[in-house]
Each structure stands twice: as C-alpha cells, then as structure tokens.
2 protein chains.
Amino acid sequence: MEKKRILLLIFDGLGDRPVKELGNKTPLQTASTPNLDWFAANGACGLLDPIGPGIRPGSDTSHLALFGYDPEKVYSGRGPFEAAGVGIDVRPGDVAFRINFATVDQDGKIRDRRAGRLKEGTAELAKALDGQVIDRVQVFFRAGTEHRASLVLRGKDLSPEVTDTDPHEEGAPVLESQGKSPLARHTAHVLNEFTRFAHKALDLHPVNEGRRRAGLRPANMVLARGAGVFPAIPSMEKRWGMRCAGIAGVAIVRGICRSLGMDVLDVPGATGGLDTDMVAKAAAAVNALREYDFVAVNVKAPDICGHDGLALEKLKVLERIDAMMGHLRASLGPDTIVALTADHSTPVSLKEHSGDPVPLAVFGEGVRVDAVTTYDEVAVASGSLGRLRGMDLLPVLFSLANRAEKFGA
Amino acid sequence: MEKKRILLLIFDGLGDRPVKELGNKTPLQTASTPNLDWFAANGACGLLDPIGPGIRPGSDTSHLALFGYDPEKVYSGRGPFEAAGVGIDVRPGDVAFRINFATVDQDGKIRDRRAGRLKEGTAELAKALDGQVIDRVQVFFRAGTEHRASLVLRGKDLSPEVTDTDPHEEGAPVLESQGKSPLARHTAHVLNEFTRFAHKALDLHPVNEGRRRAGLRPANMVLARGAGVFPAIPSMEKRWGMRCAGIAGVAIVRGICRSLGMDVLDVPGATGGLDTDMVAKAAAAVNALREYDFVAVNVKAPDICGHDGLALEKLKVLERIDAMMGHLRASLGPDTIVALTADHSTPVSLKEHSGDPVPLAVFGEGVRVDAVTTYDEVAVASGSLGRLRGMDLLPVLFSLANRAEKFGA
C-alpha cells in the first residue's frame, strides 16, 4: 500500500446562503470557478458539518474538529489557542486569557477598552509584563495584533473557572476576577494581583509617556477575558503518525496549528487579509508536501467578505481562490489526496458564522468519482460522500491516503 | 403490525475503488449484475460505513457492528471470536489466544512458525493439550484450519494484557509472555506454564513421531498471539428478541455468529472459498427463514479476490453473486426484508481492507423505493438511505420488519 500525502484546503467562511442581489444564488453558485468545479467533477463530493448539523462553529472549534480533535472535549475557551498563535509555548494545564490593552483614568474607570487601538510599542509593553512570578505561578505575556495580547498562567492547581476582569463596557471600573468554584479562587487571585502589577508597570512605561506626549491614550491597563485551559492532547504527529504543517495568516488558526504540534510555515505575501497572495500559498503548500505528510492551508478572505456582508467582493475572492486551485491542478502529483472544504459558512446576509454545512470535494487517485460536476453548497449534496462531520474528515482522508490503521483483523 | 423476517447478505470485501484496467470503474460498476440492480431499483439505497467514516475495519469488528454491537466496547482482540469459531464455548471473562502449531529445534529456537503448514493430526494434538488445569485456571484447546488453533483460559482475575509468546519470526526462541499490568502477571504465568507443558506433550506425541518418520517437521510447540477477553454481551436473541442464524464458511465469521448466540448452519458445498456454492447458500437461507427471524449470510469470495488483487476474478465472483441474488429474487416471500451490503471494501488496487464505505440496498414490502437503479458504490450514494453507520443498520431493518420497540409513548 503506497502511502499518499494529504492536502487540506480550508476556505474560511466559504459557505453561504442564497443572496437576493445574486438572484437567490450563493456566491459559490454564482462565481465562475472552473478549477474548483474540475476538482469536484473529477473527485467525490459531499456536505460537511464542521462540528455537527446546525452547530454554529467558531474558527477555533471548527479547525480543531477538522484536525480530528473533538472540540467538546478539548476546547474550554479561545485563550490558549490565541496564546499559541502569538508564540507562547503553551502546555497542558496552562490557563490562558485573551487580553486587551486598555486606558483607565485616575479614578480607575475605563476610558477606552482598546487604548486607542494602539499599533506600536505593544511588544515593549508586553515585555514589561512577561516573566513575572506571582504566588509561585509563572506569568507569560505576549502582544498580538493592535490592542490584543495573550496572558498565560502556569502553575499548580490553576483553573479557567474565573470571571473576566474586562467589564466589556467603557466608563465601568476594571472588575475583580472571581473564582466560580472554590478551586478557582487561587487563579482569580493571581489574575487580580497581575492586573494591579500591570497597571503600575504600564502607567509610567516610556511607551505610554510617549503616547501621552503625542496626545494619545496610554495603554495603562490590561483587561482579561475568555479564560481557557490548554488541554492535554497528543500532537497531530503523535496521534496520526504524520509530519504536519499549517499555512495560515490569521493568528487563531496559526495558534491551533501550533498547539497541535504542527509546523506553521510563513509564506511571503500571505497576510490572512483580503490582500493575501493565494497563489503564493498554493505554491508553498506544494513545496511543503515534499517534506510533510499532511499540509493544511487556511484562506481567510471569504470569511472577511462574509463578515462585511459584501457579496460581490466574495465573488471576486472566489475567483481568486479558483486561480489558486488552477495552480494546484497543474502542480499536484498523483501521490496527493486533496480535500477542498471550509471551517464554516459566513453568509453575507448574516455577517456572521452560521451553522449551514459547507461543501466538500475530495480528489486523488483511488477516489470514487461521482456525478457531481460543480463545487457549490447545493450541487455537492448529491455526491457520494454524503453528509459528514468535521471529525470524520481526517479518517476519511487517511483511508484514501492508505494511512488508516485497521481496527480488528 | 405483521412482523417480518430479516435476511442480511454480507458480501465480504465487496466495495472497491476505481480500477485502471476497468476504465477507472469499480468491479461492481463494471460487472453485469441485473439481479443486484433489480434489488436496488426496487428498494432503497445508501452507503454504509461499517464502523465509521474512514475507519478501516477488520472482518471481526465489522460483523460485530453490523450485528449491532459496538466493537469499540466489546472487542479486545480476535482470539475469543476465533475460539468460538472452532467450537469452544467461550464465556464472558475468558481470555483467548490465537495459536500456531510450530516446530522448535532442540535448542528451543523456532524452525517453522507453521510446522510445515500441517493439515492432518491436529485434532489429536489438540486433544493432548485440552482440559488441563494450571494454577486453578482451566485450559481449553481446539484445532482450527491447518496449523491454526485456539487456546482459551478460564478462571479468576485473568487479563488479556499480556504479550505474545510468538516472536513472529523464525530462528528466534519462543518468548516468555509478560503481563503488561500487575494484574496480568498471573495470566502470563499460566500461558508460560501451558507453553512448557505443550512442548513436552507434543514433542513425543505419536502424530509427531509419524511426521518425523515421514520426514515432516513435528508440530512440537504452540505460539500464542492476539490475546482478547470475551466480553459480557447479551446474545442476539436476548438483545433483539429474535431467533437468529448465521451462514458462513470462514471460521472468524462463524465464531462471531456463535459468540452472539446465533445458530451457525452448515451448508453442503459452502466453503468460505472461491469454490463455494453460492446458490446453495441462498437456498439454505430461504429454508432457514422458515425457522428463524433473522438470517445473516456471509459470502467470502469477493474479499479473496480483493486480497489477491484480481479485478477480473472479482468481476466473475460478482456475476456469481448476481446469480445467487437471482435465486433469492425468485424465492423470497413478501414477509422478508432483505439487506444487501458488505463488511468492508477490499479494493483490488490495495489488496487490503480499506475505510471506503460499502453499498447498501434494502428491499421488501414497506420500503420506500428511491430513484437508484443500479447497485454500485457510486450509484447508491444518491439513494434515500443516505450514509449510515454499521451500528445503525440493524435498527433500520428492525423498523422495516415491524419489530422495533417504541421509545417513548
């Protein structure tokens, strides 16, 4: 049995609903996508519920499911995966928070939950907070994009069952975190101590002195939310016996990949935004398949159009994705099984993720070709893959790649 | 509600992948099978994942699932079901091993792991080993086909968590079994004591004296592997309230049937091989349906062609299966629900089981006839049964047979 390699293409937020201005067709039904259709016509198609029918996934939970990890079991909040995304080496048992740099007034009330959406100096600010030890708990702190940052606590008997310090509104005071259970009081205490320390360390920090001089709001407080514990999960390599790489621009997907032990590859020109160079991503994936058994590529652009409610923009993105698939169509060898799918639908009419299933096409040697000839949400439903769950996708691809272990004799 | 009878036809290893020499069609897409197609055209179709999407099943685990038993819960190894297949009355808690009769030299090293694939005298050799008691553990030993045999240990606190005595290579000494946990040491000890006893009892056994005289290798050792504990499971009759029979040539399927309390019927001419008389099997099934509520028939031949990689041979087997279905088409009354499916795919390109789903057709009075008109891996996918799991098949058939209990009021 020749083992094949696997390329998993995740078109973020690809799925959609009928759009009035497109004659009640979805963007994918409307766009001209000859290459996507070619993969569908020469492969097997179906619908995928990233988590389960009707379940409205986050990008984090759906990527976990697509990588074969049950989000019901391993996901307790976005914090740990975002922390991994900004480069903190999170470990099982670590409790992580999503952080906003914020501006508080002298009376302690929040003037700006995002500190003027500051863009510069955040790495220096983070450095002033990183590496503390509070009550024998190690503190890791790293800046993310703009006002966002990650906080990780590492120590004994920590719990994610604590309330946010972020009141989620301006004019309110920073909240004292509370343990939701007796065991969690210690974690809340450490978070509160850290918050007090952070205010002192940030308020007179040279970056903030500079901001004040420039008439900008100082980033003199941290607001914590979304606590989660990093689960004790085996890496992709350990679990599935494959060398795995991820190509993604957005931090949360990079974080998921990194926290599952995948190598996250940087691609010049790939940004995680609308301006991303999709063909560069495809080329990087083809290269990576020489080194890795499994390569996952996330293309964020359709999701952005969905969130912004821009149907015509989504059409354009789909046609760029089609060009990317044209590159792959010409470049991939017969030793690769390719799956084209999405992490969730982001209908432009909704401007949010929905629980609608996403299209799935699987292409490669050994795949039973069915009668579906176009890649869209409706056409694929009559394909031979039927309707699968995200958690089932990797086993299906393993089997086609001749990598599945036999259960029984 | 008139209760109907159920005939479950399991075409072993039926499913396949596109085959180059068949113009990238599967054998089932290529073969002329008017009777199989007739059942599909006049019934409801779908795809079946015997265990789950992408899961590569063994014959044992898949038959358990098709009979409604979750292999994740009841299967710990092939040993117990093979022991049941050779006629040992296994009971819950029994630990069973797969055995090879082997030849060891005087220095204790293995010369031949299969003792010249001996065919005769094995029943006598087995008799010399059966019925021992070692440290209050009862020993059951029965010969299988050729050099194969089964060993069952019955007693208190036994565990299947022991290593093989079979080193799986020639020239190596027989291994001492080790307990993988403290609890399992006792079982390993009994197995080691039995192995020493077996060598003494076999070495000078008249059967082996005769073999030596004839220049053949003596079967003077037993090698144990594949320990498993027989699970505490209710019989098919107890669980489903049906009198059940199985018709199968291969030992492991007979063992599964027997261990679930089904009557295993012998059919003259049915061999479990390529030379089996399929029409005789069909006739026996029709007969059995007068006595039993549920009859399962395993036809091994397509699996054999798959393992041997013989596409044209598989075509011929499919056409013989079609003749068998012609017999059933003419013989079955309206009081029977028939399901046509497989335990797994055995693609000729792979020569091994794969995780690809298998075709399913269900025929009988009350079945909602869908638009599918041919019975093959791709055509059935658009049928009204959708994509089911093996564990769901029996409930679906019960419901159609008007045998399902209502859940709720």
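Two strands are taken as paired if DSSP finds at least two bridges between them. Helices (H or I, at least four residues) and strands (E, at least two) are DSSP runs numbered from the N terminus. By these criteria, strand E9 (residues 244-247) of chain A is joined to E10(A) by 2 bridges, and the two strands run parallel. Within this pair, Ala245(A) stands opposite Asp263(A) of E10(A).

The structure is a predicted model, in which local features need pLDDT of at least 70, side-chain atom pairs count only at pLDDT 80 or more, and totals for chains, interfaces and linings use all residues. Residues are numbered from 1 along each chain as its sequence is written, while chains are lettered from A and ligands numbered from 1 in the order in which they are written. The model scores ipTM 0.86 and pTM 0.89. For chain A, the mean pLDDT (the predictor's confidence in each residue, from 0 to 100) is 95, and 100% of the residues reach 70 or more.

The E9(A)-E10(A) pair belongs to an open sheet of 8 strands with mixed pairing, ordered E10-E9-E11-E1-E12-E13-E2-E14 in chain A. Strands E10 (263-264) and E14 of chain A form the edges of this sheet, each pairing on one side only.

E3(A) is largely enclosed by the rest of the structure, because 10 of its 10 residues are buried; a residue is classed as buried if 20 or more other C-beta atoms, placed from the backbone, lie within 10 Å of its own, as exposed if 12 or fewer do, and as partly exposed in between. Val95(A), Phe97(A), Ile99(A), Phe101(A) and Thr103(A) point one way from the strand, whereas Ala96(A), Arg98(A), Asn100(A), Ala102(A) and Val104(A) point the other way, and all are buried.

In the hairpin of E3(A) and E4(A), 5 residues lie between the strands, and Gly108(A) adopts a positive phi near 90°.

Between the chains, 23 residues of chain A are in contact (C-beta atoms, placed from the backbone, within 7 Å) with 32 residues of chain B. On the chain A side, strand E14 (386-389), helix H14 (390-400) and strand E15 (406-407) each supply at least two residues, and H14(A) provides the largest share, 5 residues. This side comprises 9 nonpolar, 8 polar and 6 charged residues, where Ala, Val, Leu, Ile, Met, Phe, Trp, Tyr, Cys and Pro count as nonpolar, Asp, Glu, Lys and Arg as charged, and the others, Gly among them, as polar.

In chain B, Glu161(B) lies in the loop between strand E8 (148-154) and helix H7 (185-203). Glu161(B) counts as partly exposed because it has 19 C-beta neighbours inside 10 Å. Not counting residues up to four places away in sequence, Glu161(B) touches Gly179(B), Lys180(B), Ser181(B) and Ala184(B).

Methods. Contact = placed C-beta atoms within 7 Å.
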